[in-house]
Each structure stands twice: as C-alpha cells, then as structure tokens.
Amino acid sequence: MGSSCSPLYRPLHCQFTLKQRFVSWNPQPQELKPKRPQSFLIKAPKPRNFEQMEMGFTMGLNMLLLLAMVATNILSLYHLSTTLQSKPQTPPPPVPDHLLHQLHTIRATINHLTRLHPNPPTTTVKPPTVPSDLLLYAHLSPVASSCRDYPDLLHRYMNYTPFSLCPLDADLAESLILRGCHPLPRRRCFARTPPKPPTSLPTDPFAPLPDNANIWTKYSCKSFTCLARFNGDLGFDMRVEKPKFMAYKTDLDLPIPQLLQIAKSANSPIRLALDVGGGTGTFAAQMKLRNATVVTTTMNLGSPYGEAAAARGLVALHVPLQQRLPVFDGVLDLVRCGHAVNRWIPVTAMEFLFFDVDRVLRSGGYFWIDRFFSRGGDLEKVYSPFIGKLGYKKVKWAVANKTDSGGVKNGEVYLTALLQKPVTK
C-alpha cells in the first residue's frame, strides 16, 4: 500500500482511484478481483466521449456568461431609470439679451406685415362673380381661349346692364383684342352714337373727314381736324394722303399705276385685295378710285384709325395681326402688308402670317411686302430665307437703308418686295 502508483504497474488502490475519475464505479466485490500484472495497465478513455464532455463544459460556461451579461444590463438599466427619476431637472440657461431683442424685432415685423396683408379668412373664399351675360353667352358660343387668361378685363367688359346703352369702354375692348382675346363676346346693349351725327357723308375718300362722325372720349384730340394738325403723317390729313401710292421717288416705292400694269401684263388683274395694318385706309381709297375692292384691317392704337377709314367709305376690319385672316381660301388677287408688319413680330408668328397670306391668295396672286424693316443682318440670315420658303416669283425686290435715328442706330434697312404666287404647285 505504501508503494507509489507507477505508470506501468498500478496496485489495487491506484486502480480504484483512476476508475472513480474516468468511469462509473460499481462497488461490487467480484469486480475487484486481482488480475494478471499486464491487466493492471489502464486504458485511456475513448476520444469521442472526451470531446463530447469538453463541448458540454464549454456550452455551459458560455450560457453562464450570457446569463451574467443579461443580468448586468438589467441591473444597469434599472439603476439608470431610478437615477433619472430621482434627479431634479436643472433649469435651462437664460437667453441672452441680444437674442431676445432680435426675437422682439422679428415679432414686431411679422405683426406689421400681418396688418398690411391680413391672413385670409378661414371660411371658404367665394370666387369673383361672373357677369350673367358672360355665362349666358358662353353657353351659346365658345369664348376665345386667350380671354380666360385675363378674367378681370373680360368681366369688366361683360359687366353691363342688358338692353340699355353700352358703356364707353372702347379702350377696354382694344386691350382685350391686343392680348389675343378675339373675337370678343357679343353683348346685348345699344351702341352709343354721336350727339350730332353728320347729315351727309363724303363719297370721295379723300374729302376732309367729318369731325362730328365720332365719339371722342378717350382721345386728347376731340376732332379729326385736331389730329391732322397734331401730326400730318398719322393719316388724318387728306391733303397729305392723296398723293400717296401714286408717285415713284425711291426704289422702295411701288406706285399703283405700275402695280396695275404689272398685273395686267401677267394676265392677273387685281379686283379684290386685303391691306393688313392699313391705318386709315389710304391704299384702299386709291384702289377704290380704280374699281378695285380693298378691305383694310386696322387697330385703334392711340388714334381712331378704324373710324377714319369708315368715314372715308371704306371697309375697316377690327382684326389683330395674330388672328387668322377672315377670308376664304384662294379668293384674293393681292395682299399688302404695310408698316404694321415688321421685325417686332416674332419670326415664328410672322411665318404663320405669311403662310396664311398664301392660303387666301389665288393662283397667280400677288403678295406685296411694303417697307418691311429689320436689321440688315437679320434680313439676309432670317427673313429672306423664310420668305423664300413660299416659293414665290420675285417680281420686285428692293432694299434701302432706314435713315431715321432709330434705323441708323440699329443698322436697320427697308425691304419692298412684290412676290407672285405660282399658278400651280
């Protein structure tokens, strides 16, 4: 019993100790019988059983660490919550005086602006009242789409008393037309007439215009005589108008006798024509004396051009440049565009206008561009090419410098062109 437990020979007490460590020991007497010396060698346990025990031990240790971590977090959270609840809140630092001053200034400014522009009421704002006759007319005929862009002007124009005298609002109608609100809605009111209408009207289109044939409300001059004295080039002085279109002074001129001779030589007489932007209608008056009917489109831009043309016995149409020409297709012998058609019109809008001219001209008809002005470079690069798109024959093409102050400053030139539409296309 006193001998030591060597690795090669193990006595009974050493064998008992090892069995308690590695295997389950059953203390029955028959299992403790001595065996031969070689049987006293202890066999190592199987590796598989040892790995399973080691894995179980590791998993248990990990589980213990996890539980410890969870418990620590719970205790920390509980401690933090109790600390926050028990700790009194510290008051915020005071606001500096300069910030308080700025806040008071901003608040005073907002109050001032609010008084100037009060907030809209919380109740639903009613839309502006539409005149009853506008609603009635809109059910009978469509209103031009551009009119919807100017509801205030349109409502003012249609705000009248039906079956009574119409308001004196010719300038309002002119404003709507110039903005593209055309044709204007019709109204059920009586047009005003001059207090002392003329007893007779002139049959000569170059006779002096009667001063009592117009209602002079929106003009500083109250008669045609006043307008003629104010500026003789406006078209109201018949002594200045009578020689126009009859003499050849520069290459830009195309006298009416020469025009008629050109048309006669081409076997294309001029009987019906349209003068776009014809002012007081002097070209139509000259053609009337030669048995040709010319309709003039005009606008009252600062002066009563339409009334003056009508007083001369001419047909004046209140038509803006942006409107489609009120003529059937292929019925006119001549279309003339005067000073109203110039470089101030956008190029695309002018293309639509020129191709509308082509629409109303008959085969072999003439398109007369009379003193069209633009910059010299634009005439060569822009206008001449798109005029060429029409494919018309150039009967006359004359270019000259615009010699007034604006023309010299901007490098502008005049163009006079007589173009003939092809007989066939």
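**A tour around strand 5**

Select Y366 to begin: this residue stands opposite Q420 in strand 7. The model is predicted, so local features need pLDDT of at least 70 and side-chain atom pairs count only at pLDDT 80 or more, while totals for chains, interfaces and linings use all residues. Residues are numbered from 1 along each chain as its sequence is written, and side-chain values use heavy atoms, with hydrogens and water left out.

Next, select strand 7 (residues 412–420), which runs antiparallel to strand 5 and is joined to it by eight bridges. Strands pair if DSSP finds at least two bridges between them; strands (E, at least two residues) and helices (H or I, at least four) are DSSP runs, numbered from the N terminus.

Now display the whole of strand 5, residues 361–375. Twelve of its 15 residues are buried, so strand 5 is largely enclosed by the rest of the structure. Buried means under 20% relative accessible area (1.4 Å probe, protein chains only).

From strand 4 the chain passes through helix 12 (residues 347–360) to strand 5, a right-handed β-α-β crossover: with the strands pointing away from the viewer, the path from the first strand over the helix to the second runs clockwise.

Finally, select F367. Its contacts (heavy atoms within 4.5 Å) include V335, F354, L361 and L418, not counting residues up to four places away in sequence.

Key. Buried means under 20% relative accessible area, exposed over 50%, partly exposed in between (1.4 Å probe, protein chains only).
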